[in-house]
Amino acid sequence: MLDDSRRVIVEIKSVAKHYGEGDARVDALRNLDLKVHAGEVVALLGPSGSGKTTLLNIIGCIIDPSKGQVSLDGEMVYDNKWLRGDLRRLRLDKIGFIFQAHNLLPFLNATDNVALVLQLAGKTAAQAQARAVELLAYLEVGNRARAMPALLSGGEAQRVAIARALANSPRIILADEPTAALDSKRAGIVMDLLRKLAAEQEACIIAVTHDEKILDRFDRLFNLRDGRLEDIIGDAR
Amino acid sequence: MNLAFRDVRHNLFRFLLTCLGLGLLMTVVLAMMGIYNGLVADALNIVKAPQADLWVVEADTQGPFAEASQVPNATRDAVARLYGVTQAGSITYQTVEAPFEGATMRLYVIGYERGRLGGPQTITEGRGLQASHFEMVADSKTGLTPGETLMLGRNRFAVVGLVRDTMNSGGDPAVFLTLADAQVLQTQLAPPAARVQAARGGTAPGGATVAALIARLDPSVDPRSVAQTVRQWKHLSALTQAEQEDILIQSVVDKARKQIGLFLGILLTVSAVVIALIIYTMTMEKLKQIATLKLIGAPDRVIIGLIVQQSVALGAVGLTLGLGLILLVKDYFPRRVLLEPVNALALTGIILVVCVLASGLGVRAALKVDPATALGG
């Protein structure tokens, strides 16, 4: 069962998001409450338009909620307005993103894709390169460190993307369909890896997914429907 | 980590191809600048060549370059005796067409008195005129070489020397003849016409007039005061060297200069639009990557640097290619292409400004990109 004594990494309270006004108003999220603890791996499920991506974007400080409170890693960052001026720096320090299509920069090799976020965070080029090589080796793609993204297989590219997401040791990893481009075997490997990393780094992982093959790898499953967190399906483990 | 350099290296072939296109455009811009300069320089060269301080011309005319001017040759001695005049010479100018190796060559004939003002200043090959008749010194643009001969009117002239960059405002290369030969060429009729003239009892037009008299003055003398003295002779007018140059620029080459200047302006505008379009397209192709950069926390300066640095690199490489290309081909242009370092510097400044302004469009598009675009899959 879930151990609620663990530190809360993501906490959102009464968060709502609507687009448009009057007759054109669409409520994407309605008064959502959510807590995700350190080491937890949770999935956001739901049909298209249910608000999964909107929720992910709000946690990722990419879009503004219409109201509510958002707290990340113990820091209140939104209370009916953003409390931090530099949201990009906040993302750089606290959040790692994993994309459906890995989104590696095509003009940087695997190592440099990982090293870039480290340099953006202030590491020297040498420190960034060393840490990137170490991470790639840990994710078992060290032999592809100098390869350009176009020459990586889907699984290798996704591991490099994970290495990039983990580079600054973020406390929150947001993943958008992280296994959509992988076969079931590789999807399982990636999810096991994410679970391992979440446990080791005391980070939480929030993933949007439609991939039923990997649902057993999540600690909790949230079903979003019509902008509401309708149901906690349960602790899948 | 320089993202602009990495992106260029990743798409090197496409980048170089774009630079080549831009370089060709820069070649045309530089060629127009060179032609513009050449036009003015050629026009001034011909008037500066005699190294005169004063031009004595027919009354109420603007001198031999702007309109026809006839001055009695004998007046040269009177001018030479004016206070402050150290040297004086007679000079004629005319444009002729001469057959050479199956084609027609258009030449600007300058007649001068050997040992007096008006002759070629620097002989680059061969020697100056020594014989009284039938020798010529030609501009190298004629393609003639010392030892070759050329029919001018009814006489054959031997090329004895070459000069460079001496041509009229129309770009016709100059040849220097003795004054006597030039006057004969100017007035001699074709044999049938001469016979008709003789049958009518007329006399052949004589060689008693020249286009202008030129004088060099003592440095302590004000050319304007000497010119004023000459104007007291009612049949003559006088222009200082500066006035002669002004007339040439203002009235003779002004329209051509404006035409080329306007064309140059249009070319620069087209270049600016092309650069802006290239940079904008390059940025639009990278929007997803820019969204990813924003999402992973890259500050705006990193994104702006990526676009502006690529834009400036594109302009710099294009300009370098353009400069190299024009330096390679400029001597093959029919008119002189005169490039000064200041032209390259001015164009570098213009291209730099254009690149930075053009990248503004791309930067604007990049800064508006929603980082959520990267999450869209």
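Helices (H or I, at least four residues) and strands (E, at least two) here are DSSP runs, numbered from the N terminus. The model is predicted, so to speak plainly about cut-offs: local features need pLDDT of at least 70, side-chain atom pairs count only at pLDDT 80 or more, and totals for chains, interfaces and linings use all residues. Residues are numbered from 1 along each chain as its sequence is written, with chains lettered from A and ligands numbered from 1 in the order in which they are written.

**Around β8 of chain B**

- β7(B) (residues 149–152) runs antiparallel to β8(B) (residues 155–163), and 4 bridges join them; two strands count as paired if DSSP finds at least two bridges between them.
- Within that pairing, B:Met151 sits opposite B:Arg156, and B:Leu152 has B:Asn155 as its bridge partner.
- The two strands make a hairpin with 2 residues between them, and B:Gly153 in the turn has a positive phi of about 65 degrees.
- β6(B) (residues 135–139) pairs with β8(B) too, this time in the parallel sense over 5 bridges, with B:Asp139 opposite B:Val163.
- β5(B) (residues 125–126) is antiparallel to β8(B) and joined to it by 2 bridges; there B:Gly126 faces B:Gly161.
- As a reminder, strands of a sheet pair through backbone hydrogen bonds, either parallel or antiparallel.

**Helix α4 of chain B**

- Which residues of α4(B) (residues 179–187) are buried? They are B:Leu179, B:Asp181, B:Ala182, B:Gln183 and B:Leu185.
- Buried means that 20 or more other C-beta atoms lie within 10 Å of the residue's own; exposed means 12 or fewer, partly exposed is in between, and C-beta atoms are placed from the backbone.
- The cover over these buried residues includes β3 (85–100), β4 (103–112), β7, β9 (174–178) and β10 (209–210) of chain B.

**The nonpolar core**

- The largest nonpolar core has 172 residues, and A:Ile206 and B:Val56 have the most contacts inside it. Such a core is a set of buried Ala, Val, Leu, Ile, Met, Phe, Trp, Tyr and Cys residues joined through C-beta atoms within 7 Å.
- Helix α2(B) (residues 12–48) gives the most to this core, with 14 residues.
- Domain 1 (3–43 + 255–376) and domain 2 (50–251) of chain B each put at least three residues into this core.
- Beyond its neighbours within four places in sequence, B:Val56 is in contact with B:Val71, B:Val79, B:Ala212, B:Leu213, B:Ala215, B:Val230, B:Leu236 and B:Ala238. Contact means C-beta atoms, placed from the backbone, within 7 Å.

**Two domains in chain B**

- Chain B splits into domain 1 (3–43 + 255–376) and domain 2 (50–251), with bounds from an automatic or database domain assignment.
- Their C-alpha centres lie 47 Å apart, and 6 residues of domain 1 are in contact with 6 residues of domain 2.
- On the domain 1 side of that contact there are 3 nonpolar, no polar and 3 charged residues. Ala, Val, Leu, Ile, Met, Phe, Trp, Tyr, Cys and Pro count as nonpolar, Asp, Glu, Lys and Arg as charged, and the others, Gly among them, as polar.

- B:Asp7 belongs to helix α1(B) (residues 3–10).
- Why does B:Asp7 count as buried? Because 22 other C-beta atoms lie within 10 Å.
- Leaving out residues up to four places away in sequence, B:Asp7 touches A:Phe107, B:Leu306 and B:Gln310.
- B:Asp7 and B:Leu306 are 299 residues apart in sequence but 8.6 Å apart in space, C-alpha to C-alpha.
- The contact between the chains takes 27 residues from chain A and 17 residues from chain B.
- On chain A's side, α1 (52–59), α2 (87–94) and α3 (110–120) each supply at least two residues, and α3(A) gives the largest share, 6 residues.
- By class, that side of chain A has 16 nonpolar, 5 polar and 6 charged residues.

**An open sheet in chain A**

- 4 strands form an open, antiparallel sheet in the order β2-β1-β4-β5.
- β2 (26–37) and β5 (75–79) of chain A are at the edges with a single partner strand each, so one side of each has no neighbour in the sheet.
- β1(A) (residues 8–19) and β4(A) (residues 67–72) pair antiparallel over 5 bridges, and A:Ile12 has A:Val70 as its bridge partner.

Technical notes. Contact = placed C-beta atoms within 7 Å.
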